[in-house]
Amino acid sequence: MSLLEVKDLTAAYGRHTAIRDVSVKAEAGEVTAIVGHNGAGKTTLLNSVAGVLRNVRGSVVFNGTETLRGSHRGRPPGLAMVPQGIGVFPSLTIGENVKLGITAGGKVPKEVADERIAVAQRYLPLLGERWDERGGRLSGGQRQMVSIGRALVSGASCILLDEPSVGLSPKLVEAMMEVFGTLRDDGLAIVLVEQNVKQALTIADRVVVMKAGRVIVDSSASEFSSRESLWELF
Ligand code: ATP
């Protein structure tokens, strides 16, 4: 069984159905890229899985537990979401901003918290170097790293990222992709929403293409890269 199994997910804003019958899986130790044009439904899919949206039908099973219905409804512990372009409080230090994520998956003893902070700093050295600086002084890319750090200290085994490369310099994007690669190699499931397919293919193990609220391709990254017919869908 996959770490995350989304089946026949349909989500609506009022009477407008934004995604329909979407099924995707994310495996531990893999990067699953979700690509598609503006309005394809990528953000809606992530928000539905993360328990942010309520008007959702279908099934989301994380780590063997259905999270769309029943007593476990909501964002499951172990699953973290890095939303697009938000989430750093300028008046808090970088360290304080990151630590906000520690209790996202439930209360933890201090030793566990300290260990998670050390791990996050190891993946994202920038955080450690500038731990006591104010969040307001960071560039867009650095803020993105803080959001990723916050997801890491929650102890997540699956991280959903909504277009983390938007607005970043190519150099920072490269650094960030490297971090995702290391997290994947260490066994995390990474679900990466990306508008730039080429960018996604530098790191993805699987590629899911969405169009008009539906999944139109779900393939291994190597098959996607080698089959021109799949590229032509873009
Ligand atoms: P983008 O790359 O622009 O974020 P996306 O693939 O993430 O696009 P969504 O933002 O999920 O797509 O949007 C899917 C559909 O749902 C679109 O038709 C969009 O207009 C609609 N939609 C998104 N958010 C809302 C909202 N809050 N209220 C009403 N409709 C919405």
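In this predicted model, the side chains of Glu-66 and Arg-69 meet in a salt bridge, with N and O 3.4 Å apart. Arg-69 is partly exposed, since its relative accessible area is 47%. How many salt bridges does a search of the whole structure find? The search finds 7.

Let me show two more of them. Glu-133 forms a salt bridge with Arg-130, and here the closest N and O atoms are 2.7 Å apart. Glu-133 has a relative accessible area of 25%, which makes this residue partly exposed.

The other example pairs Arg-184 with Asp-185, with 3.0 Å between the closest N and O atoms. Are these two residues buried or exposed? Arg-184 is buried, because its relative accessible area of 16% falls under the 20% limit for a buried residue. Asp-185 is exposed, because its value of 61% is over the 50% limit. Salt bridges with shared partners also bring in Asp-205, so that Arg-184, Asp-185 and Asp-205 form one network.

I turn now to the domains. The protein is divided into domain 1, which covers residues 1-78 and 160-234, and domain 2, which covers residues 88-156. On the domain 1 side, 13 residues take part in the contact, and on the domain 2 side, 12 residues do. The C-alpha centres of the two domains lie 23 Å apart.

The size of an interface is often given as the accessible area lost when the parts come together. Between domain 1 and domain 2, the buried area is about 1,000 Å², and carbon and sulfur atoms give 78% of that area. Which element supplies the largest share of the side of domain 1 that touches domain 2? That element is α6, with 6 residues. As for polar links between the domains, the count is 0 salt bridges and 2 residue pairs in polar contact.

Conventions
Residues are numbered from 1 along each chain as its sequence is written. This is a predicted model: local features need pLDDT of at least 70, side-chain atom pairs count only at pLDDT 80 or more; totals for chains, interfaces and linings use all residues. Side-chain values use heavy atoms; hydrogens and water are left out. Domain bounds come from an automatic or database domain assignment. Contact means heavy atoms within 4.5 Å. Buried area is the accessible area (1.4 Å probe) that two parts lose on being put together, summed over both. A salt bridge is a side-chain nitrogen of Lys or Arg within 4 Å of a carboxyl oxygen of Asp or Glu. A polar contact is a pair of N or O atoms within 3.5 Å; within protein, one must be able to donate a hydrogen and the other to accept it, and residues adjacent in sequence count only if both atoms are side-chain atoms. Helices (H or I, at least four residues) and strands (E, at least two) are DSSP runs, numbered from the N terminus. Buried means under 20% relative accessible area, exposed over 50%, partly exposed in between (1.4 Å probe, protein chains only).
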